[in-house]
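Please open the model in your viewer and keep the sequence beside it, so that each selection can be followed in both.

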Amino acid sequence: KYKGKKIGCIQIQIFKPFGGIQDNMTQAVSKGQKFGNKIHFRSKEWFVKGDILFKEGDDVNPTLFADTEKLLWDRKKFKDVRILINDDSTRDEVDVLVYLQDKLSYTVSVGYAANRVSMYASTYNFFGLPNTLNIFAGVNFNKYNIWAVGGAYKYENIQSSQINFNTTFLVEKLNQSVSASFYRNFFSIKSKWAFDALYNYNHIT
């Protein structure tokens with residue numbers, strides 16, 4: 001319906017994790033949810049713009065709209081992603097609204113994996129940047145290598161280049177490892193190149 005029409009205006013609307021608008025109705029917010037909204041690191045419009053693969057003045061390309069929506073979902077930071085088009089018949093153009101609702105930027109959990117019981121904590125968007133930090137501390141079911149701590153840090157879409165940085169570390173009594181990588185995926189039909197540069201360090205006592 002809108003394919004080929006010129007994009008006149010792009011607006012980005014980012015809602016906090018709790019509340020917002022759904023089906024034209026304002027969502028009720030409890031006291032606990034209000035507190036969650038207060039401590040939440042909100043996504044910033046400037047780094048969301050770096051994931052939008054079209055700009056004002058472009059013609060509507062449905063494939064790029066679909067790629068943009070997928071890219072935003074793949075960030076795993078939003079509980080709702082919608083790209084809405086409004087027809088402006090007076091100018092023979094369309095206006096685009098990118099509607100996003102954040103997930104809460106903190107999680108804490110306990111789990112069992114790889115013969116280890118661990119407590120995990122993660123956060124993202126801290127200091128208003130497009131980043132994610134995960135840390136854990138755990139107990140191994142190995143009396144010779146009883147404890148473990150580790151984590152990962154990711155910074156996404158550096159300078160809107162779709163180049164990402166990721167590093168991980170693991171420290172145990174008998175093992176230590178660190179990895180760091182810069183990488184770029186084929187993220188849309190516009191992608192012409194990709195790469196993955198990885199460094200690994202492992203030390204086993």
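In this predicted model, begin by selecting D74, R75, K76, K154 and E156, which lie nearest the centre of the largest pocket, a space lined by 28 residues. The largest pocket holds about 540 Å³ of space, and its lining is made up of 9 nonpolar, 10 polar and 9 charged residues. If you then colour α3 (62–74), you will have the element that gives the largest share of the lining, 4 residues.

Keep E156 and R75 selected, and show their side chains, which meet in a salt bridge at 3.6 Å, N to O. This pair links distant parts of the chain, since E156 sits in the loop between β9 and β10 while R75 sits in the loop between α3 and β4, 81 residues apart. Both E156 and R75 are buried.

Next, select K5 and D87, whose side chains form another salt bridge, at 3.1 Å from N to O. K5 lies in the segment before β1 (6–15) and D87 in strand β4 (residues 78–88), so the pair ties together parts that are 82 residues apart in sequence. Here K5 is partly exposed, at 23% relative accessibility, and D87 is also partly exposed, at 40%.

Finally, turn to the surface and select V139, I146, W147, V149, F169, V178, Y199 and Y201, which form a nonpolar patch with about 700 Å² of accessible area together. I146, by contrast, belongs to the loop between β8 (131–140) and β9, and I146 is partly exposed, with a relative accessible area of 37%.

How values were computed
Residues numbered from 1 in each chain as written. Predicted model: local features only at pLDDT ≥ 70, side-chain atom pairs only at ≥ 80, totals over all residues. Heavy atoms only, no water. Patch = residues over 30% accessible without salt bridge, like charges linked within 9 Å, V, L, I, M, F, W, Y side chains within 5 Å. Areas by Shrake-Rupley, 256 points an atom, 1.4 Å probe, with all protein chains shown as cover. Salt bridge = Lys/Arg side-chain N within 4 Å of Asp/Glu carboxyl O. Helix = DSSP H or I, 4+ residues; strand = E, 2+ residues; numbered from the N terminus. Buried < 20%, exposed > 50% of the residue type's maximum accessible area, 1.4 Å probe, protein only. 1 Å grid on protein atoms, 1.4 Å probe; cavity = no way out; pocket = protein on both sides within 12 Å on 5 of 7 lines; lining within 4 Å. Points joined across faces, edges and corners; volume = space filled by probe spheres on them. Nonpolar A, V, L, I, M, F, W, Y, C, P; charged D, E, K, R; others polar.
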